[in-house]
Amino acid sequence: MTMRHIAVGVDGSVHSVRAADRAAAEAERHGVALCVLYAVPDRDEAAPVLRSAASRIRRRHPGLPVETVAVEGGAVHALARESAVADLTVVGTRGLGALTGTAFGSVGTRLAAVVRGPLLVVRGDDPHDGGREVLLGLEDDMDAEAAAYAFQEAERRGAPLRVVQCGRRRPDTSEPASGGPVRGPGRERPTAREAGAEAAVPRYALTRLRDVHPDVPGDTRTVRTTPADAVLEATRGAAVAVVGAHRRTSVFGPRLGPVAHTLLHRSHCPVVLVPHD
């Protein structure tokens, strides 16, 4: 699809139907078209599923431009490639082949680690999110794109924005039994200047974004507990949570940071993961 669009992966499962419903609503909210994608070993197998998905969407969202695409191959590769040109990519927490089980499955986790644009994972039990706040989990200056997306999302929804800014946890500063100075790695107390520098860039970014989006109400709370736990708790009652990917490379390939990983598996609301690279 050459026009601006949102992409959603389907496979005929209940969870992919729910993802398609959410993707259609997002496409209307963004004012863009919708691309419904099904990755299969044989394209001939895709027609019934894609036809059913398109019919449901057009019935519920008349006037929304919808295109269906069958792609040979795996879902991760197909959706990751589509994410490079889509405004947003949408998946459910189960379905899409190996995306199964009680938690976000291996296909979804691999997709989140390689997706090239914003990824919406449809989580939570309540599909009615009107009037609820948008949540931004802000870790550091690498989350500038996630912050910008969160402000735009709040503006699109006419909703308040709640920012949970994760300050660095203070290290253990207890002195050794000898009473000597603590000099070991990671055991020195940060100075007031270091603590201020730690939050300076995120605070500047938020100030700039509030100037750009003056009609978005909200508040910011800095927490020094475990960031993943703090943001997870804040997802209760939110319409959607927005976080940066914080991807890392390991011997097993690209992996997500702890906040993104926790929310993709346990969030109480849908999650938008925004890569910064």
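**View 1. Met 142 in the loop between strand S6 and helix H5.** Met 142 sits in the loop that runs from strand S6 (134-138) to helix H5 (144-157); helices (H or I, at least four residues) and strands (E, at least two) are DSSP runs, numbered from the N terminus. The model is predicted: local features need pLDDT of at least 70 and side-chain atom pairs pLDDT 80 or more, while totals for chains, interfaces and linings use all residues. Residues are numbered from 1 along each chain as its sequence is written, and side-chain values use heavy atoms, with hydrogens and water left out. Met 142 has a relative accessibility of 38% and counts as partly exposed (buried means under 20% relative accessible area, exposed over 50%, partly exposed in between; 1.4 Å probe, protein chains only). Leaving aside residues up to four places away in sequence, Met 142 touches His 246 and His 276, where contact means heavy atoms within 4.5 Å. Its C-alpha atom is 9.2 Å from that of Pro 275, 133 residues apart along the chain.

**View 2. The salt bridge between Asp 87 and Arg 4.** The closest N and O atoms of Asp 87 and Arg 4 are 2.5 Å apart; a salt bridge is a side-chain nitrogen of Lys or Arg within 4 Å of a carboxyl oxygen of Asp or Glu. Asp 87 lies in the loop between H3 and strand S4 (88-92) and Arg 4 in the segment before strand S1 (5-9), so the pair ties together parts 83 residues apart in sequence. Arg 4 is exposed, at 55% relative accessible area.

**View 3. The salt bridge between Asp 21 and Arg 60.** Here the closest N and O atoms are 3.8 Å apart. The pair links helix H1 (residues 14-30), which holds Asp 21, to helix H2, which holds Arg 60, 39 residues apart. Arg 60 is partly exposed, with a relative accessible area of 49%.

**View 4. Arg 29 and Glu 26 in helix H1.** These two residues form a salt bridge with closest N and O atoms 2.9 Å apart. They are three residues apart in helix H1, and therefore separated by about one helical turn. Arg 29 is partly exposed at 29% relative accessibility, whereas Glu 26 is buried at 1%. Salt bridges with shared partners join Arg 22, Glu 26, Arg 29, Glu 153, Arg 156 and Arg 157 into one network.

**View 5. Helix H3.** Seven of the nine residues of helix H3 (residues 75-83) are buried, so the helix is largely enclosed by the rest of the structure. Among the buried residues are Ala 75, Leu 79 and Glu 82.
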